[in-house]
Amino acid sequence: MWDPHNTVGEAVESNLELEQDVESTAELQPTAEPEGVRELSPSGNAPETINNSMSGNRRIRRALKSTKAAIKIASLNINGFSSASLAVPGGSKWNHIKQIMYEKQIGVLLVQEAHLDDEQEAQLQKLFKQQLRIFKSADPDNPRGCGGVAVVLNKQKICTEGLNNPIEIVPGRAILMQLQIHCGDYIRILNVYAPNGTTQNKEFWKSLEAYFQDHPAHKPNIVAGDFNVVEDQIDHLPMRNDGDPEQTVKALEDLKSYLNICDGWRQTFSTQKEWTYRQQRAEGAKSHIDCIYVKDAILETARSWKIEPCHLSDHKLVSVDVVNENAPEIGKGHRTLPIHLLNDKLLIKHINEKGCILQTKIEKLTKYPQLRSTENNAQTLFHKFKGEVMGIAKKRERAITPRAAEKLRKLEALLMEISNDNDCTEMEKILATNELQTSIEKIQMSQHQAKRHRAAVTNRLYGETISRYWSQLNTVKTPRDLIYALRKPEVQVGEDPHEKNSG
């Protein structure tokens, strides 16, 4: 019988070692918007047509997913503009949202329960004008008190120049955004926050279906947000049906069928149990109501479907990396090490020893040039030195992993194990997983605040000094430019004239 009190320890202290935040080079960076619009498709050449059957080259595309440029799309119900529990002036969550988007490399964040009015939106646009761009749809009756959805774009990942304003399909509930994600390819994203009531929920899905029937050119590639309804008993704990299927689930199913979309996470993890919302009490029920629905063409190549705890809300963060096969293939980049390893005396000692040996060998080659060869020269010796140092550093990194990070990893693995343990009763599972999730959120909050504290110290030291930090702080963030393809000098008959992998 499961006893949660024997497995969950207390949260660790907030003074954690900071690991270097290295920006991934495997993110899609669009160029300026060209004339014309193309629908995102597996080939990138023409508007997509959905085929429910498994395509013959799906296995090949799956193998290439890890090397294709991608953009991370995430959804989070933030449960209001502010929180008294956050140690920031006014309790605003948006500084934390910006940090989360940066740390997790999120390109597009779909926010529900934003509680934003025009004044607050203008303040946020001014505050984050160099990092983010925010589009909101507020509740028409009580913009600061309920509802509201927003689309937040990371300027380092998404080209925000020349964007059209989103379409408010249902004010405060549904907003449609069109984005350019790759060299002329566009994607339409629908952010939804469905009503709680059974009748209102049903009418909400019917109103969306009616809108897209009247405007078929606006049909989205991705529908994400807080659906406030589940389609299967497995997505409830304790397991139960969600109201009357004829009134709620059927309306959603009709919309899904018309838009030709499916739950990407559930398609990828068909039998796994994981919930995105929990009631804030020890025996609180759970449900999987935050989802990302995609068309089959996107599902074919999408990767990294995730559901992650978020200390800002009682909802979890759901995300996916959307891949376009017309994008270039990008590797993982150069290996880098966490900055805290620079303070590891044992590692520094090993590096110094290896460096002294390298220096002796190079000096010997300089003194006796006849010993130099294609296998024995300064370049090959230095290459070998870097490989040896990286191997030693990787071992030390595993050995001195910060205590909080190691504990967080174990708690997350334990949470997954208990969530899918069929030997536990439902109440045992609720109590154990709620306590585990609370502990995970405490550690995440501790790490989050520690990083904010270090950032504040750095800003106090260098924010008013002419330095590299000051220059970067006052520079508008823009996506990197990519070379999407190179033309081959010689092409065989039937061969693609463009090369997208220069490796």
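Which elements do the buried residues of helix 3 pack against? The buried residues of helix 3 pack against helix 2 (94-103) and strand 4 (132-137). The views below start from there.

This is a predicted model, in which local features need pLDDT of at least 70, side-chain atom pairs count only at pLDDT 80 or more, and totals for chains, interfaces and linings use all residues. Residues are numbered from 1 along each chain as its sequence is written, and side-chain values use heavy atoms, with hydrogens and water left out.

**View 1. The whole chain has 12 helices and 18 strands.**
Helices (H or I, at least four residues) and strands (E, at least two) are DSSP runs, numbered from the N terminus. Of the 503 residues in the chain, 46% are buried. Buried means under 20% relative accessible area, exposed over 50%, and partly exposed in between (1.4 Å probe, protein chains only). Take the contacts between residues at least 6 apart in sequence: 74% of them join residues at least 24 apart. A contact means heavy atoms within 4.5 Å.

**View 2. Helix 3 (residues 118-127) has a buried side and exposed residues on the other.**
Gln120, Glu121 and Leu124 are buried. They cover an arc of only 100° around the axis, so they lie on the same side of helix 3. The arc is that of the directions from the helix axis to the C-beta atoms. Asp118 and Lys126, on the other side of helix 3, are exposed.

**View 3. Strand 5 (residues 149-154) is mostly covered.**
Val149, Val151 and Leu153 are on one side. Ala150, Val152 and Asn154 are on the other. In a regular strand the side chains alternate between the two faces of the sheet. Strand 3 (residues 108-112) runs antiparallel to strand 5, joined by 5 bridges. Val111 has Ala150 as its bridge partner in strand 5. Strand 4 also pairs with strand 5, in the antiparallel sense, over 6 bridges. Here Leu132 has Asn154 as its bridge partner. Two strands pair if DSSP finds at least two bridges between them.

**View 4. An open sheet of 3 strands has the order 10-13-12.**
The pairing is antiparallel. Strand 10 (236-237) and strand 12 (277-278) stand at the edges, each with a single partner strand, so one side of each is left without a neighbour in the sheet. Strand 10 is joined to strand 13 (residues 286-287) by 2 bridges. His236 has Ser287 in strand 13 as its bridge partner.

**View 5. The second largest pocket holds about 360 Å³ of space.**
Its lining has 23 residues, and the closest to its centre are Asn196, Asn228, Tyr277, Ser287 and Ile289. Helix 4 (198-214) and strand 13 are the elements that give two or more residues to the lining. By class, the lining has 5 nonpolar, 12 polar and 6 charged residues. Ala, Val, Leu, Ile, Met, Phe, Trp, Tyr, Cys and Pro count as nonpolar, Asp, Glu, Lys and Arg as charged, and the others, Gly among them, as polar. On a 1 Å grid over the protein atoms alone, a pocket is an open set of points where a 1.4 Å probe fits, with protein on both sides within 12 Å along at least five of seven lines; lining residues have an atom within 4 Å of a point. Grid points are joined across faces, edges and corners, and a volume is the space filled by probe spheres set on the points.

**View 6. Ala378 is in helix 9 (residues 378-399).**
At 29% relative accessibility, Ala378 counts as partly exposed. Leaving aside neighbours within four places in sequence, Ala378 is in contact with Ile362 and Leu365. Leu358 and Ala378 are 20 residues apart in sequence and 8.8 Å apart in space, C-alpha to C-alpha.
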